[in-house]
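This report describes one protein chain, starting from a single pair of residues and widening to the whole. Please keep the structure in view while reading.

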Amino acid sequence: MHKKIITLLSGFLLTSCVTSPTNSSLAPEEFSPAPVTTTTAWNTSFAKKKSTIDPAAMVAAHNQWRSKTGVPALKWSNDLTASAQQWADQLARSGCRVKHSTGTNGENIYWAGAAQRSNGTSLRQEITEQNVVDAWGNEVKDYDYASNSCHGVCGHYTQVVWKSTTEVGCGMAFCSDKAQVWVCQYTPPGNMVGKKPY
């Protein structure tokens, strides 16, 4: 059973998935330092736009937040990356309507709209791996460890720092309106109802 948490902050839409306990036993993949290149077709004069996710930067951004709680570092998973990329592409094809996949992995989603210029035109924002993970990690301000509760939205943060999670893989896609969607998936999944993240 998944409980979805959605929030819109300053042009960024963040969603996280809260998962009921499961018995997941997925084998870890080796870390691959090669960037993940994605291609998303646009319905405009731009034939195709390419984006590259740097796995090392994405893992490092996650592990910065994890180190603050003393939990073990994450490793990159090519399997999770493929799954996350497929879902990001699906969301882009669906007009970037943000919703969670129905898989068994933990999942965080980040959406950023186009930047609006004063002359009425728009452009794609330059978003980094650090920007994405920091948006999730900054939810720590809404998390109360003693009561294991959120005072606002904090499910992205708790997934990032979930102690038993060992792997992450991410994908991203551009939308036809110059928005972008980033998807990270995690195994074993975090946000188990009634359990603390660390």
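In this predicted model, Lys75 stands opposite Glu167, a residue of strand β11. The pair belongs to the pairing of β11 with strand β5 (residues 75–76), where two bridges join the strands and the direction is parallel.

On β11 there is also a pairing with strand β12 (residues 180–187), made of eight bridges and running antiparallel. Within that pairing, Val168 stands opposite Tyr186 of β12. The two strands form a hairpin with five residues between them, and Lys178 has a positive phi near 75° there.

| Partner strand | Bridges to β11 | Direction | Opposite residues |
|---|---|---|---|
| β5 (residues 75–76) | two bridges | parallel | Lys75 and Glu167 |
| β12 (residues 180–187) | eight bridges | antiparallel | Val168 and Tyr186 |

Is β11 buried or exposed? Eight of its eight residues are buried, so the strand is largely enclosed by the rest of the structure. In a regular strand, side chains alternate between the two faces of the sheet. In β11, Glu167, Gly169, Gly171 and Ala173 point one way, while Val168, Cys170, Met172 and Phe174 point the other way; all of them are buried.

Thr165 counts as buried because its relative accessibility is 1%, and the cut-off for buried is under 20%. Leaving aside residues up to four places away in sequence, Thr165 touches Arg66, Leu74, Gln159, Tyr186, Thr187, Pro188, Pro189 and Gly190.

In soluble globular proteins, nonpolar side chains tend to be buried together. Here the largest nonpolar core has 25 residues, and Trp136, Val168 and Trp182 have the most contacts inside it. The elements that give two or more residues to this core are α1 (55–67), β6 (106–112), α3 (129–137), α4, β11 and β12.

Now for the chain as a whole. There are four helices and 12 strands. Of the 198 residues in the chain, 48% are buried. The accessible surface of the chain is about 9600 Å², and carbon and sulfur atoms hold 53% of that surface. Among contacts with a separation of 6 or more, 67% are between residues 24 or more positions apart.

Key:
Residues are numbered from 1 along each chain as its sequence is written. This is a predicted model: local features need pLDDT of at least 70, side-chain atom pairs count only at pLDDT 80 or more; totals for chains, interfaces and linings use all residues. Side-chain values use heavy atoms; hydrogens and water are left out. Buried means under 20% relative accessible area, exposed over 50%, partly exposed in between (1.4 Å probe, protein chains only). Contact means heavy atoms within 4.5 Å. Accessible areas come from the Shrake-Rupley method with a 1.4 Å probe; for residues, only the protein chains shown count as cover. Two strands pair if DSSP finds at least two bridges between them. A nonpolar core is a set of buried Ala, Val, Leu, Ile, Met, Phe, Trp, Tyr and Cys residues joined through side-chain atoms within 4.5 Å.
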